[in-house]
Every structure is written in structure tokens, then in C-alpha cells.
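User: I am new to this structure and would like to learn how to read it. Please take me through its features in turn, with the general idea before the particular case.

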Amino acid sequence: MKRIMLFLATNVAVMLVLTATLSLLGVNRFLTANGLDIQSLAIFSLVVGFTGSIISLLMSKPMAKWSTGARVIDPNAPNGAEEQWLVDTVHQLADRAGIGRPEVAIYEGEPNAFATGAFKNDALVAVSTGLLRGMTEEEVSAVLGHEVAHIANGDMVTLTLIQGVVNTFVVFLARVVGYVVDRMVLKNERGGGIGYFATVIVCELVFGIVASIIVAWFSRLREYRADAGSAYLLGSREPMIRALARLGGMEPGELPKSFEASGIAGGGKGFGALFASHPPIEQRIRALMNAKG
């Protein structure tokens with residue numbers, strides 16, 4: 001629950017900071033002074049909704065390396081046979097997927113792996129030492145195939161766009177509700193009163209939670225697609241099924257919340273499942289076993 005609340009707080013904080021900045025610049029007063037200008041509000045909402053998501057996407061690679069301590073392997077001078085195999089495997093999978101060869105990195109930590117980057121041909125695939133130690137080469141190959149499939153599917157960009165869209169609706173609807181409460185309930189004819197600002201903050205918090213549920217739902221769908229993508233790239237679903245079964249018996253390493261959805265494992269129980277970026281391992285295995293072809 002602590003991690004869920006941190007995730008929600010981060011998303012809401014981005015919108016609140018951008019909102020406060022634009023308010024200081026007088027944009028909010030402009031919107032409410034002479035009645036709510038829907039066209040101006042829509043532009044305002046788009047700016048606030050997408051700015052944070054796009055900045056996060058563009059900074060995803062350097063932030064991922066910094067926050068995990070990942071060390072990028074020089075493909076021309078790998079440190080030992082394991083690193084050579086890791087680079088060769090990722091590059092072979094990328095060639096099969098028809099994308100540019102991503103950077104390959106290793107970081108110290110419990111079992112996990114992730115892919116990130118703003119562009120298909122300039123991405124990063126990183127794997128933890130715990131995952132390399134705890135899995136067979138075939139299972140690691142399946143995990144790498146899963147991450148390469150995320151890149152080939154454009155999942156990082158798509159998730160960013162969805163986050164931007166729902167953020168836009170949050171900002172837009174919060175201000176519409178705030179305007180209605182301020183003018184029709186509190187009868188404030190001057191515009192932009194305390195009722196407006198209080199209502200906007202409360203609505204952004206409430207709508208932000210709903211938005212996070214929508215984004216998490218899409219994130220879970222893309223995990224099924226990446227699992228199937230791994231099976232396609234390896235020519236068999238069995239390696240990914242075995243890798244998932246192995247993951248189910250491990251305690252996955254935590255990733256920074258800003259790109260936790262990029263990892264190979266995750267999930268939640270009870271109420272927390274609504275905000276989980278990954279489906280339960282059992283459901284992913286079942287989906288692969290029941291997949292046609």
C-alpha cells in the first residue's frame with residue numbers, strides 16, 4: 001500500500017506542480033475571469049497532461065541507469081563469456097524483431113529485468129544479477145525476449161500517451177467541476193474563488209486515482225502481449241512459461257516506481273491489484289498456455 005500511495009502521489013504531484021506554475025503565470029485566472037473558455041481549457045489541459053509524461057519518457061534511459069546503478073556492457077569489449085552471451089542474445093532477438101540493437105546492461109539486485117527508452121531503435125535492456133544467477137540460459141533468453149517485445153511493440157511510448165491522455169482528462173474535468181461549484185453552488189460571480197481552487201485540488205486527487213487504475217489496466221494488458229512476443233521471437237512458448245514459473249517462486253527485485261511497469265515482474269493483491277502494473281504470474285502462464293498458434 002505504501003508503494004501504491006507513492007505511485008499515486010507522484011502522478012498527482014506532477015499535475016499539481018504544473019497547475020500551480022501555470023496558475024502563477026495567470027492562466028487559471030484567464031480561464032475563469034469571464035466564464036470558462038472551453039477551447040483555452042482544452043489547450044491548458046493538454047499542456048499539463050502531457051508535459052510530465054513526455055519529459056519522463058525522454059529521461060527514462062539515463063534515469064533508469066542512474067537509479068539502478070546499471071552498467072552498460074560495451075558490445076566490443078564484454079567482461080567475460082556471460083556478458084558476451086547476454087549481448088549476443090539481446091542483439092539476435094532485436095534483429096528478429098526488426099528493431100535497432102538496444103544497449104544491454106547489468107545491475108546488482110534481486111531477480112528482475114526491464115526495458116526502457118523513448119525510441120525503438122535507441123532503447124535499453126537491463127537484467128539483474130539475481131535473475132542471471134537464478135535462471136537457466138533458456139529462461140533468461142525468454143525474459144530478454146519479453147523485454148525486446150516491449151520495445152518492438154512500442155509499449156513505452158504507448159503507455160506515455162495513455163498517461164498523457166488520462167492526465168488531460170483529469171485536469172480538464174477537475175476545472176469544469178471546480179467552475180460549476182464556484183459559480184452555481186457557491187454563487188461566486190468574480191471567478192476563480194477559493195471554492196474553485198479547493199474543488200480543483202480535490203477533483204484532481206480523486207480523478208487521478210481513477211486515471212491510475214486505467215493506466216495500470218493497460219499496463220497489465222501489454223504484459224500479456226510481451227509474453228506472447230517472447231514466445232514468437234524464441235519460436236516456442238515453453239521457455240517463457242518456464243521463466244514465469246521460475247519467477248513465481250522468487251521474490252522479485254523492486255524497481256524505482258517511475259519505471260516499475262517496465263520490469264518483468266510485479267503485481268498486487270486485493271485492492272492493490274487495481275493499481276498493479278503486472279498481472280499475477282499464474283494468469284500470465286495460463287494465457288500463454290491457452291494462446292493459439
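User: Which residue in β2 does Val 72 stand opposite?

Analyst: Strands of a sheet pair through backbone hydrogen bonds, either parallel or antiparallel. In this predicted model, Val 72 stands opposite Ala 105 in β2. Two bridges join β1 to β2 (residues 103–107), and these strands run antiparallel. Two strands are said to pair if DSSP finds at least two bridges between them. Helices (H or I, at least four residues) and strands (E, at least two) are DSSP runs, numbered from the N terminus.

User: On what basis are residues numbered and values computed?

Analyst: Residues are numbered from 1 along each chain as its sequence is written, and side-chain values use heavy atoms, leaving out hydrogens and water. As this is a predicted model, local features need pLDDT of at least 70 and side-chain atom pairs count only at pLDDT 80 or more, while totals for chains, interfaces and linings use all residues.

User: What is the order of the strands in the sheet?

Analyst: The open sheet has four strands in the order β1-β2-β4-β3, with mixed pairing. Its edge strands, β1 (71–72) and β3 (113–119), each pair on one side only. β2 and β4 pair in the parallel sense over five bridges, and Ile 106 has Val 127 of β4 as its bridge partner. β3 and β4 pair in the antiparallel sense, also over five bridges; here Phe 114 has Ala 126 of β4 as its bridge partner. A hairpin is formed by β3 and β4, with two residues between them.

User: Is β4 largely enclosed or open?

Analyst: Buried means under 20% relative accessible area, exposed over 50%, and partly exposed in between (1.4 Å probe, protein chains only). Six of the seven residues of β4 are buried, so this strand is largely enclosed by the rest of the structure.

User: Which strands does helix α4 lie across?

Analyst: Contact means heavy atoms within 4.5 Å. Axes are lines fitted to C-alpha atoms, for helices over the stretch in contact, and angles run from 0 to 180 degrees between N-to-C directions. Helix α4 (residues 60–68) lies across β1, β2, β3 and β4 (122–128), running at about 150° to β3. Helix α5 (residues 81–97) packs on the sheet as well, touching β1, β2 and β4, and its direction makes about 140° with that of β2.

User: Which residues touch the most other members of the largest nonpolar core?

Analyst: In soluble globular proteins, nonpolar side chains tend to be buried together. A nonpolar core is a set of buried Ala, Val, Leu, Ile, Met, Phe, Trp, Tyr and Cys residues joined through side-chain atoms within 4.5 Å. The largest core has 37 residues, of which Leu 86 and Met 135 touch the most other members. Helix α7 (residues 137–152) gives the most to this core, with six residues. A second, separate core of seven residues includes Ala 70, Ala 105, Leu 124 and Ala 126.

User: At what angle do α7 and α10 cross?

Analyst: The axes of α7 and helix α10 (residues 238–248) come within 8 Å and cross at roughly 100°. That makes α7 roughly perpendicular to α10. Angles of 65 to 115 degrees count as roughly perpendicular, under 35 as roughly parallel, over 145 as roughly antiparallel, and the rest as oblique. Among the residues making the contact are Val 143 of α7 and Ala 243 of α10.

User: Where is Gly 69 placed?

Analyst: Gly 69 is in the loop between α4 and β1. Not counting residues up to four places away in sequence, Gly 69 touches Ile 106 and Tyr 107.
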